[in-house]
Every structure is written in C-alpha cells, then in structure tokens.
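Colleague: I have not looked at this one before. Can you walk me through it?

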Amino acid sequence: MSAPGQIRQQGARQQILDRIRANTRSVAAEHLESEYALLPRTYVRAGSLSAEARLALMIERLREYDAEVVECSPENLPSSIASQLQSSGKRIFVAPSGLPAAWLAPGFDWRIDHNLSSAEIEVVEGVVTAAFCAVADSGTIVLHHSATEGRRVITLLPDWHLCILHASQVVETLPEYFSRSQEPPALATYISGPSATADIEMTRIKGVHGPRFLHVIVVHDQADQPKNQ
C-alpha cells in the first residue's frame, strides 16, 4: 500500500476510535451518575451528641493519641499560648503569615512564613497554627492550609506543633466535616495525634511523618451552640 493510502487508513481508524471513546465516555458517565444516586446511604451522616459531649469526646481522643490538651476562654487565649510556648522549652517558632498578632507571644524568636525555604524552616523548633475543623469521632484535626493554618511544610518539618482549635469548629462525624467544606480544598492535612509509625517488629517511632509533639488549645468560644452550627 502506498504511503498516502496508509495515511488515509490511519486517519479513518483514528476517527472511529475517537467516536467510540466519546460515546463510551458519555454512556459510562451517565451510568455511573445514576448508579451513584441510587446508592443506599445508611451510614451515620450526623452526630447525636450534645455540644458538651462532642467536645469532651474530641478532647478524650486527643489525649488517647498522646496529645497535650488545655482549655481556655477566648480572652485567655493569648496567655494560654504564651504558657504553652514557655513550657515547651523552645525559643524559635514559625507562624503562618495570617496568624493573629495577639497569638505571637513576646519573648520568642518568631519566623513568619513568607515562603520560607525548607532550610529556613528546618532550624525552627516549633510551629503555631489555627485549624479548619476537627472530627470528634476519630479525634482528627483538619487543616485546609489557609493563611492562619499555614503551608503544609511548616506543619510537618518542625518537631513541635501547637494548634488552636475553637469549640465551634468541632463536629462529631466525618460527613459533617465534609458538609462544612463548601468546596473541596486544594490541600488538606488530617492530624490524629503526634506523628508516629511502627516498623515490621512493631517498634513505635515518633516524628517520622511530622511533629513528635502535638499540643492543642481548645477555646470555649461557642461550645454550647447546636452541633451543626
């Protein structure tokens, strides 16, 4: 067959394959959407605990994971942060660029993250951040890495993490957390206690994937409001 004939044959084959792919993709997408809509959703989608019980469960889970938890009122938050920083024995801390100025306790060496390099972050001893949400059922803190939560790198490289969690940010179940996310975040980090892992001999090692020490300040801002607010 001549070269022009081969080209025509290849072109016709490509057109056929493109049509098959387009039609198959459309049918498959519609089929999947209809199947998804019919899926039974009998799992727990909303919690039943009171606000007080939900918060107590979150604190219990955090402590089970070896996290240090303290509670305070909104007006006492700056002093609580300063106390936690002082008791840590550390001096150099990194903070997200949007962290409230009142949270930057005096007497410490603060490195504000305006795109710090990895080398610059590695020399700091701890990090202070806010949080997006927390799931009491699993004791998980969720970061969406906003201006107050910081880039993921500053929450993973330092050995010590102080996270400020408001009572109003705590939900009971994972579906309730997803309901709070109006749109899927570009990036999310799920923290269930300090970083730890175990090798094949079940030797537990801390700090492999993130900070070895997690401290959480729970702020009782709206702890008595309905759980879905």
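Colleague: What is Met-58 in contact with, leaving aside its neighbours within four places in sequence?

Modeller: Met-58 is in contact with Ala-134, Val-135, Ala-136, Gly-139, Thr-140, Ile-141, Leu-165 and Val-170. Contact means heavy atoms within 4.5 Å. This is a predicted model, where local features need pLDDT of at least 70, side-chain atom pairs count only at pLDDT 80 or more, and totals for chains, interfaces and linings use all residues. Residues are numbered from 1 along each chain as its sequence is written, and side-chain values use heavy atoms, with hydrogens and water left out.

Colleague: Which residues touch the most other members of the largest nonpolar core?

Modeller: Met-58, Leu-62, Ile-141, Leu-165, Val-170 and Val-216 do, in a core of 20 residues. A nonpolar core is a set of buried Ala, Val, Leu, Ile, Met, Phe, Trp, Tyr and Cys residues joined through side-chain atoms within 4.5 Å. Buried means under 20% relative accessible area, exposed over 50% and partly exposed in between, with a 1.4 Å probe and protein chains only.

Colleague: Which elements each supply at least two residues of this core?

Modeller: Those are α2 (51–64), β6 (140–143), β7 (160–166) and β12 (213–219). The largest share, five residues, comes from α2. Helices (H or I, at least four residues) and strands (E, at least two) are DSSP runs, numbered from the N terminus. There is also a second, separate core of 18 residues, including Leu-77, Ile-81, Val-128 and Ile-217.

Colleague: Back to α2, then. Which of its residues are buried?

Modeller: Ala-51, Arg-54, Leu-55, Leu-57, Met-58, Ile-59 and Leu-62. Their cover includes β1 (68–72), β5 (133–135), β6, β7, β8 (170–171) and β12. Just after α2, Asp-66 takes a positive phi of about 75°.

Colleague: New topic. Is Asp-113 buried or exposed?

Modeller: Asp-113 is buried, at a relative accessible area of 7%. The residue lies in strand β3 (residues 109–113).

Colleague: And what does its side chain reach?

Modeller: The side chain of Asp-113 reaches the backbone nitrogen of Leu-116 at 2.9 Å. A polar contact of 2.8 Å also joins the side chains of Asp-113 and Arg-151. A polar contact is a pair of N or O atoms within 3.5 Å; within protein, one must be able to donate a hydrogen and the other to accept it, and residues adjacent in sequence count only if both atoms are side-chain atoms.

Colleague: How many bridges join β2 to β3?

Modeller: Five, and the two strands run parallel. Ile-92 stands opposite Asp-109 in β3. Two bridges join β2 to strand β4 (residues 126–129), also parallel, and Phe-93 has Gly-126 as its bridge partner in β4. Two strands pair if DSSP finds at least two bridges between them. In β2 (residues 92–96), four of the five residues are buried.

Colleague: In what order do the four strands of the open sheet come?

Modeller: The order is β8-β5-β6-β9, with mixed pairing. β8 and β9 (189–191) stand at the edges with a single partner strand each, so one side of each is left without a neighbour in the sheet. β6 and β9 run antiparallel and are joined by three bridges.

Colleague: Last thing. What pLDDT does the protein chain average?

Modeller: It averages 88, and 86% of the residues score at least 70. pLDDT is the predictor's confidence in each residue, from 0 to 100. Over residues 223–229 the pLDDT is below 50.
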